[in-house]
Amino acid sequence: MAMVLDAVAGKVLDELLNVIVEKKERAVKFRPTLERLEGTLKSIEPLAKQIDGLNKRLDRPPEETEKLIEQMKKGTKLVKACSKVQWWNCCNKANYQEELEELEACIDRFFKYDMQGQTNRNVLEALVVIKDVHADIRNFAPRRSELSGVCLPPEPPAFTVGLDVHLRELKLKLLHAHHVASVLTVTGTGGSGKSTLAKKFCWDQDVKGKFKENIFFITFAKSPKLNTIVQRLFQHTGYQTPEFQSDDDMIYQLEHLLKKIVEKSPILLVLDDVWPKSVSLVDKFVFQIPNYTILVTSRFAIGEFGPPYVLKPLDETNAIKLLRHSASLDESRSDIPDDVVKKIVRGCSGSPLALRVNGRSLSHKQALFWHNRAQALSTGHSIIVSSDDVLTCLQKSFEDLDPKVAECFRDLSLFPEAQRIPAAALVDIWAELREEDDGSAMEKIYELVNRNMADIVVTRNTASDTIDYNYHYVTQHGLLRDLAILQTSQEPTEKRNRLIIDLSGNNLPEWWTSQNEYHIAASTLSISTDEAFTSEWCNLQPTEVEVLVLNLREKKHTLPMFMKKMNKLKVLIITNYDFYRAELENFELLDYLSDLKRIRLEKVSIPFLSKTGVQLKNLQKFSFFMCNMNEAFKNSTIKISDVLPNLEEMNIDYCDMLQLPNGLSDIVSLKRLSITNCHKLSALPEGIGKLVNLESLRLTSCTSLEELPDSITGLQKLKFLDISDCVSLVKLPENMGELSSLERLNYIGCTRLNELPYSVTELGGLRVVVCDEMTTALWEPFRTMRGDIKLDVTQVDFNLNWLL
């Protein structure tokens, strides 16, 4: 650390030290004291100068070292005076000796005690500043997370083989391309690694060095929508999405946006999994803009953009490496002969997807399974593999699944291609249809992940020993989804147990209009519509349906009248995939669904509770994600507790909600209440204490929530309270100790809570407090007092990558 020689404290210390060195030989009577003082000053000299340097950089006030400086100035005069004292002047000698010892003690005291106190204070001040910055970051982050990052490239798998050469060639072709609208297509068979290569390219350091934050990754899949993609690009870059007057206006606005952001750095736009019918849509993104590069991946060669880069299947050496890695096949295992491994590799025909899936399904299996798989795949020797061949190969792995896991795999086809599937939605389906508890349902998901039949994305890490799957999403390769659909479509439509209907515009299936009444046997029904769907609903007879999944892309959606006949319906999941929230009409139809147990709504506006008089007498779980709920409980003529008399769980996440209605407190059956990422919610209803059966309360990232009502202490069955990232929360209720059943408190990121009420010492049931480094000091005395309390300290990450 640099010394600042001309700074005040250092300069005065130098003067005193020089005087002592100069005068100690003449002041014989004081020499021992002066030599001791000299040693002290030399030892602290570097530290004093460092303090000067830091104070100057930190702009600390001069009062910090004023007392020390004044003492050293007096000390300089004192040493000079000592050198003039005659040997016979005993009186002066005694006085000066006392003053020298006092000077030494004063300097010693400053560096041992005063400076330590200042240091501690400065550290605390720095922590306060960091806390405030962190609070601002956290306060800002959730809002940004809703608006940005939707086009970030996904991370590639941790282990890949055979792509390094391809990556180098792509970099040669694209990193040095400065001409306008450079477009390159990477093509290859299904499961050959095109998307993985594109992801690796996006995450390469050289690529990130050139394009920086201007790397946008869009998955096209089979039915891309131009307006949705353009809206996502605006959303990702943080610019306000304009109202488009027409498609031409949309393209003009997009070009204007790209020209604006290319001023910061070049742009890389990845259009992943483009199908032939979407090629014309790719043309919409080609603009004559310098430093603008487009990378397209497709199973099909697209000649419009010049010679494609063809991704060949893996050679045998790399294929064996991938299979062995996926199967965790140790080289030391001798019961699996090399020829068996090679037969399986050849049967997979170099497809990375087929190799990964087969490898995971054989992991830690006995040799017999390996031999049987090799025999089953021994007919596939072709090096060039089609998607049908890959599906046939994957079918072998599907047949290896436990029957219950296989059923869960089929359910993934109920949701649109290339969309993240909320784990919470799958849990709802499996809980009611297959009587799985939440933990068992998540086990099925991880079993599919472990076998490479699906992937999982966790958008927020929560404490490890609490179950919270609301931030878990399942994704799936397009071919695996094709396999899942293939498994559900073996029988005629009217006899299928799982019926999937995909409606695009007015292109309706023949049976939709050919019969007045169409009887189906399905217990699970999935219907997807797009923004062009205008036809009337078919008169279905869905009397056996227990799970209804509606996937929408409309601004206004009318629920089908045939829902009246679903008297066995247990689970309703409505998800809007459009940019704007969808308005739902005909919600009064829910009044006919007497057996309905779970409802999950995503990205819709909810006016129904105050207008329709719906009574959901058997509903146990109600979930809202990114919904507008401001009208849901407004001016209601009936009690909410009459609408939802037996509700046990309510989840409200990322919803545009100003306040919770007081009537919610009358639902005494409620056991779990989760209100998370609701940034406009500033207060809880005072009556919340009436929820006498509530066991879990989550208020994570409610950034405007300033306090908890005193009545919260009436929750005598509350075991779990999560107030993490409630950055505006300034105090806890004084009578907090009355929560006698509280076992766990999540306290991370509560940056403005500077003190705890004394009553927390009375929380006899509390066992775990999850906090961070900044808030742990508040709980340390409590832990010391109560030896059975565990402080689970979570490291705070000040990474700002989410801003990119």
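View 1. The model is predicted: local features need pLDDT of at least 70, side-chain atom pairs count only at pLDDT 80 or more, and totals for chains, interfaces and linings use all residues. Residues are numbered from 1 along each chain as its sequence is written, and side-chain values use heavy atoms, leaving out hydrogens and water. Helices (H or I, at least four residues) and strands (E, at least two) are DSSP runs, numbered from the N terminus. Is R373 buried or exposed? R373 counts as buried, at 5% relative accessibility. Buried means under 20% relative accessible area, exposed over 50%, and partly exposed in between, with a 1.4 Å probe and protein chains only. The side chains of R373 and S361 make a polar contact of 3.0 Å. Such a contact is a pair of N or O atoms within 3.5 Å; within protein, one must be able to donate a hydrogen and the other to accept it, and residues adjacent in sequence count only if both atoms are side-chain atoms.

**View 2. S326 in helix 11**. Helix 11 covers residues 316-326 and holds S326. At 4% relative accessibility, S326 is buried. A polar atom of the S326 side chain lies 2.9 Å from the backbone oxygen of L322. Which residues does S326 touch, not counting residues up to four places away in sequence? They are L355, R356, G359, R360 and S363.

**View 3. K225 in a loop**. This loop runs between strand 2 (215-221) and helix 8 (226-237). K225 counts as buried, at 17% relative accessibility. Beyond its neighbours within four places in sequence, K225 is in contact with D530, E531 and R553. K225 and S278 are 53 residues apart in sequence, and their C-alpha atoms are 9.5 Å apart in space.

**View 4. Helix 16 and L448**. Helix 16 spans residues 403-411. Its buried residues are V405, A406, C408, F409, R410 and D411. At the start of helix 16, a side-chain oxygen of D402 comes within 2.9 Å of the backbone nitrogen of K404. L448 sits in helix 18, residues 438-450. L448 is buried, with a relative accessible area of 2%. Not counting residues up to four places away in sequence, L448 touches L401, V405, C408, F409, L412, M453 and A454. L448 and C408 are 40 residues apart along the chain, yet 8.7 Å separates their C-alpha atoms.

**View 5. Helix 17 inside the structure**. Ten of the eleven residues of helix 17 are buried, so this helix is largely enclosed by the rest of the structure. The buried residues are A423, A424, A425, L426, V427, D428, I429, W430, A431 and E432. Just after helix 17, E435 takes a positive phi of about 55°.

View 6. N452 lies in the loop between helix 18 and strand 7 (455-458). N586 lies in the loop between strand 16 (582-585) and strand 17 (598-602).

**View 7. The largest cavity**. A cavity is a set of points, on a 1 Å grid over the protein atoms alone, where a 1.4 Å probe fits but cannot get out; lining residues have an atom within 4 Å of a point. There are two cavities of 30 Å³ or more. The largest has a volume of about 170 Å³, the space filled by probe spheres set on the points, which are joined across faces, edges and corners. Of the 20 residues that line the largest cavity, those closest to its centre are N470, R600, F625, N651 and D653. Which elements give two or more residues to the lining of the largest cavity? They are helix 17 (423-433), strand 8 (472-475), strand 19 (621-625), strand 20 (649-653) and strand 21 (672-676). By class, this lining has nine nonpolar, seven polar and four charged residues. Here Ala, Val, Leu, Ile, Met, Phe, Trp, Tyr, Cys and Pro count as nonpolar, Asp, Glu, Lys and Arg as charged, and the others, Gly among them, as polar.

**View 8. The whole protein chain**. The chain has 22 helices and 26 strands. Of its 804 residues, 53% count as buried. Among contacts between residues at least 6 apart in sequence, 67% join residues at least 24 apart.

Technical notes. Contact means heavy atoms within 4.5 Å. On a 1 Å grid over the protein atoms alone, a cavity is a set of points where a 1.4 Å probe fits but cannot get out, and a pocket is an open set with protein on both sides within 12 Å along at least five of seven lines; lining residues have an atom within 4 Å of a point.
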